[in-house]
Amino acid sequence: MKIICIGRNYAAHAAELGNEIQKEPVIFMKPDSAVFRQRDAFYLPDWTNDVQYELEVVVRINRLGKNIESRFASKYYQEFTIGIDFTARDVQSQLKAKGLPWEKAKAFDQSAVLGEFLSADEYDLSNLNFQLYKNGDLVQDGNTSLMLHNIPNIIEHCSQYFTLKIGDLIFTGTPEGVGPVTSRDLLEGYIEGEKVLNVKIK
Ligand code: ZN
């Protein structure tokens, strides 16, 4: 199983980090060892001083596919959720400044948090509201209609390079409002008003 992540997919988020918008999706990956086990608390790694949350819509691939056309993309997932792409922003900034790959900052253990999966048939993934609350305060308020590359286009683009396999996850990028977590924070994520994600920071 692999986790494909899209970067800079909402203009307001690209702007808050001072990043240019690219014509093609920005892609990076996390290994399967990055998956967070919901029963555990998230323990802040000791090699970073700036772990930040990025709330993202996540689709789970349910069919093998290569060179998938966007008009058929919805046949390749049945379930979706929201997840957190935890990012060691200090490490990522150092790597970016040197033009080096981001993996240490993005693909570390427990960095891919997943909420409860929902049926894609029951929601409009092209116009989906999703929110993150930190200690009860709304910090991210996204809608998938603001994506620069929508889910069908992401699937078409990624599957040109990587065969999509059953169980693969695609993190589709974060809206604006990313920020740091500290010990004892509580993160809660909602899809259309329904709570599907709960993470305690240790
Ligand atoms: Zn992200």
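Mentor: Two strands count as paired if DSSP finds at least two bridges between them, and we shall apply that rule to a model that is predicted.

Trainee: Over how many bridges do E3 and E6 pair?

Mentor: E3 and E6 run in the antiparallel sense, and one of their bridges joins Val51 to Ala88 in E6. The rule asks for at least two bridges, and the number found between E3 and E6 is two.

Trainee: With which side chain does the side chain of Thr87 make a polar contact?

Mentor: Among the residues that Thr87 touches are Gln92, Ala105 and Lys106. The polar contact spans 2.8 Å, and the side chain at its other end is that of Lys106.

Trainee: Which residues are the protein donors of the zinc ion?

Mentor: The donors follow the spacing E-x1-E-x28-D along the chain. Glu54 lies in the loop between strand E3 (51-53) and strand E4 (55-61) and Asp85 in strand E5 (residues 77-85), so this pair ties together parts that are 31 residues apart in sequence. Both Glu54 and Asp85 are buried. At 1.9 to 2.1 Å from the ion, the protein donors are Glu54 (OE), Glu56 (OE) and Asp85 (OD).

Trainee: Within what arc do the buried residues of H2 fall?

Mentor: In helix H2 (residues 89-97), the buried residues are Arg89, Val91, Gln92 and Leu95. Seen down the axis of H2, they line one face of the helix, because they fall within an arc of 155 degrees.

Trainee: Against which elements do those buried residues of H2 pack?

Mentor: H2 is followed by Gly99, whose phi is positive, near 70 degrees. As for the packing, the buried residues of H2 lie against E3, E6 and helix H3 (103-106).

Trainee: At the start of H4, which residue's backbone nitrogen does a side-chain oxygen of Asn150 reach?

Mentor: Helix H4 (residues 151-161) has buried residues that include Ile151, Ile154 and Cys158, and its buried residues pack against strands, among them E4 and E5. At the start of H4, the side-chain oxygen of Asn150 comes to within 2.9 Å of the backbone nitrogen of Asn153.

Trainee: How far apart in space are Lys202 and Phe42, C-alpha to C-alpha?

Mentor: Lys202 is found in the segment after strand E14 (194-200), and it counts as partly exposed because its relative accessibility is 46%. Leaving aside neighbours within four places in sequence, Lys202 is in contact with residues including Ala41, Phe42 and Ser183. Although Lys202 and Phe42 are 160 residues apart in sequence, their C-alpha distance is 5.9 Å.

Methods: Residues are numbered from 1 along each chain as its sequence is written. This is a predicted model: local features need pLDDT of at least 70, side-chain atom pairs count only at pLDDT 80 or more; totals for chains, interfaces and linings use all residues. Side-chain values use heavy atoms; hydrogens and water are left out. Donors are N, O and S atoms within 2.8 Å of the metal (3.2 Å for Na, K and Ca); water is not among the atoms, so sites may look incomplete. Helices (H or I, at least four residues) and strands (E, at least two) are DSSP runs, numbered from the N terminus. Buried means under 20% relative accessible area, exposed over 50%, partly exposed in between (1.4 Å probe, protein chains only). Contact means heavy atoms within 4.5 Å. A polar contact is a pair of N or O atoms within 3.5 Å; within protein, one must be able to donate a hydrogen and the other to accept it, and residues adjacent in sequence count only if both atoms are side-chain atoms. The arc is that of the directions from the helix axis to the C-beta atoms.
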